[in-house]
Amino acid sequence: MHTLIRDREITTPDFVFYSDRLIRLVVEHGLGHLPFTEKQVVTPTGSVYTGVDFCKKLCGVSIVRSGESMENALRACCKGIKIGKILIHREGDNGKHLIYEKLPGDISERHVLLLDPVLGTGNSANQAIELLIQKGVPENRIIFLNLISAPEGIHCVCKRFPSLKIVTSEIDVALNEEFRVIPGLGEFGDRYFGTDV
Amino acid sequence: MPDKAMDDAMEAAAGAHFSGLRLDSLRRSSPSTPSSPSCAQANHIPFDDSSVVPRQPFVIGVSGGTASGKTTVCDMIIQQLHDHRVVLVNQDSFYRGLTAEEAEHVHDYNFDHPDAFDTEQLVECMGKLKGGQSVNVPIYDFKSHRRCSESFRKVNASDVIILEGILVFHDPRVRNLMDMKIFVDTDADVRLARRIRRDTVERGRDVNSVLEQYGRFVKPAFDDFVLPSKKYADVIIPRGGDNHVAIDLIVQHIRTKLGQHDLCKIYPNVYVIQSTFQIRGMHTLIRDREITTPDFVFYSDRLIRLVVEHGLGHLPFTEKQVVTPTGSIYTGVDFCKKLCGVSIIRSGESMENALRACCKGIKIGKILIHRDGDNCKQLIYEKLPNDISERHVLLLDPVLATGNSANQAIELLLQKGVPEKRIIFLNLISAPEGIHCVCKRFPYVKIVTSEIDVALNEEFRVIPGLGEFGDRYFGTDV
């Protein structure tokens, strides 16, 4: 699937289809990191099954625009989940600026799944995490889900926020001098939403 | 609560290993020793599993000389396995009580000799634990050098049992119970230095008595019994607790083994998808007889999707290079193109959606098998793609119970010319009987499942299971 979505010749519907599948796997994996409580249920055969109960307090936060592509998969796994949004504008190459945020009011009591498909320099992610921490979300309750990570981005985020969890499907080789992930897949948002030029 | 007192006694008893004398004032000081967190964790078993038939626990033996860092290694393993139930059993708990005469000359008693331990009882306890039963481990009183006659430490069955002690590899019966044997190998000078520091600073003994005991008992016993048992170890960890790389590797291995059901060890073609809390949570929901139909459908769809994705991961592939929009080359793989699904009517049809969601336009054949009585199954309908013999086949049926329908279906596929090794059987819940039945007859068929249940009951239904999947999914409950 990575081979397909990274191919620059792929059509937009195929790109969306396979990235959705990958995102779904990442989301399921990320949900596996949530805490749980023991629970016993009685099955229709009358036997007792010892299982677990989900953590109830949960919300998603997507980084506009690419992160929004991951909302569907999250909704498909967690019905009626609250999803907040953060828009971070890129000024020049390295200065990023938060320009919009809309988060659930009780976000500080929830586990947060932060959604952004590509982790490049880690600057936007850091901005977003910073904002979540300001809102009172403990660092260890944030799980950052993405598809492709650059090693630089992981260093950048993990050094600053060591107790945060990152779930990714592949770690790429490096960033190039334009701060794009190599080999990467280009501008995820453009390709997913079909706004290529 | 009496348990509380037991826990305290236990903490004291399970402190860092040191053989030989324990002087009075030092006994209950262990909350400050490094082993106390692990004991607290090990004792804190959140629920009683009398109602669950556990699978066979994974038994790890940790041996090594005195002050080699065994306890540190155990602590690190326990910490890293935090999402599994782990108990620590200390060989020290199995010291024989001293007779009155021996107790008088306690300075002459060799606590490092294999005879100082009640190996019979150790074998019995470990055997029970391995069998998934809970046991009462004796509590040894280092002050009187006797067993506490009335109190025991209750150890519940767990996923992982760690047996730690200087001589746990000595007796072959104990050794044979272990799935993994770790020897902590630390330089003798380092060990002696640690031992001296521990016995003098932490336990208030004078250096001379420590050295005398070391020279007279500890070192000879190490050379005669402990060191020779090193050859039985599967893994030797140099430098003990400082060796993070080794401990990481060990924990990784244990995790892989825990993720596997025993049946996976018998049949290499049985794959259980890696369990997470989320997956167990979904199983908890769909197995609950009180769940509503929409919820049942929603969560079984999610689980099926995971099984399907996992199953697709077993298909062959070819290497392929593509150019990414950044102009770099990405070396990836190309899917196997020739694929089809075959669902066993009716329950199997519930898995078609997930398969279609992953493979656009996949061909799906159907097989209907009618149940005559309890054991005779008869094929009454089949509609399969014509070129099925050239395709990889994903056989869909959410519950594998006796394996009779699955065998019928696989038989049919083979008749149609599908090679056995091109069939992947996807299901949610398997009974061990069904796996035996299918895997014995068709050893090359791959089975991908999300959980293996305990057994079948006398009506051939899976226990604990989830009832009649088709009825619940399609809402035709009565």
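Before you click on anything, one convention: a residue is buried under 20% relative accessible area, exposed over 50%, and partly exposed in between, using a 1.4 Å probe and protein chains only. This is a predicted model, in which local features need pLDDT of at least 70 and side-chain atom pairs count only at pLDDT 80 or more, while totals for chains, interfaces and linings use all residues. Residues are numbered from 1 along each chain as its sequence is written, chains are lettered from A and ligands numbered from 1 in the order in which they are written, and side-chain values use heavy atoms, with hydrogens and water left out.

**Stop 1: the cores**

Start inside chain B. Select Val308(B), Leu312(B), Leu355(B), Leu426(B) and Leu428(B): these have the most contacts inside the largest nonpolar core, which has 39 residues. (A nonpolar core here is a set of buried Ala, Val, Leu, Ile, Met, Phe, Trp, Tyr and Cys residues joined through side-chain atoms within 4.5 Å.)

Now colour the elements that supply at least two residues each: in chain B they are α11 (277–287), α12 (293–312), α13 (352–358), β14 (392–396), β16 (423–430) and α16 (469–473). Helices (H or I, at least four residues) and strands (E, at least two) are DSSP runs, numbered from the N terminus. The top contributor to this core is α12(B), with nine residues.

Centre on Leu312(B) and show what it touches, contact meaning heavy atoms within 4.5 Å. Beyond its neighbours within four places in sequence, Leu312(B) is in contact with Leu339(B), Cys358(B), Cys359(B) and Leu394(B), plus Arg21(A) from the other chain. Keep Arg21(A) in mind for the next stop.

For a second, separate core, select Val106(B), Phe111(B), Phe142(B) and Ile166(B), which are among its 34 residues.

**Stop 2: between the chains**

Show both chains and pick the residues in contact: 49 come from chain B and 46 from chain A. About 4400 Å² is buried between chain B and chain A, and carbon and sulfur atoms give 60% of that. Buried area is the accessible area (1.4 Å probe) that two parts lose on being put together, summed over both.

How many salt bridges cross the interface of chain B and chain A? The rule finds two, a salt bridge being a side-chain nitrogen of Lys or Arg within 4 Å of a carboxyl oxygen of Asp or Glu. Here Arg21(A) comes back: its side chain meets that of Glu309(B) in a salt bridge, 2.9 Å from N to O.

**Stop 3: rings**

Next, highlight the aromatics. There are 12 aromatic pairs over all chains. Rings of Phe, Tyr and Trp (its six-membered ring) pair if their centres lie within 6.5 Å; planes under 30 degrees apart are stacked, over 60 edge-to-face, and the rest tilted.

In chain A, zoom to Phe188(A) and Tyr192(A), a stacked pair at 5.8 Å centre to centre with 20° between the planes. The two sit four residues apart in helix α6 (residues 188–192) of chain A, so about one helical turn separates them. Phe188(A) is buried at 3% relative accessible area, and Tyr192(A) is buried at 9%.

Compare Phe298(B) and Tyr299(B): their ring centres are 5.0 Å apart and the planes stand at 90°, so this pair is edge-to-face. Phe298(B) is buried at 17%, and Tyr299(B) is buried at 13%.

Then select Tyr95(B), Tyr109(B), Phe111(B), Phe117(B) and Tyr140(B), which form one aromatic cluster. Phe111(B) also belongs to the second core you visited.

Two arginines are worth a look too. Arg175(B) lies over the face of Tyr232(B), 3.4 Å from the ring centre, and Arg191(B) lies over the face of Phe222(B), at 4.1 Å. The test is NZ of Lys or CZ of Arg within 6 Å of the ring centre and within 35 degrees of the ring normal.

**Stop 4**

The whole structure holds 31 salt bridges over all chains. Glu411(B) is partly exposed at 28%, and Arg441(B) is partly exposed at 47%.

Finish in chain A by selecting Lys57(A), Asp106(A), Glu109(A) and Arg110(A), which salt bridges with shared partners join into one network.
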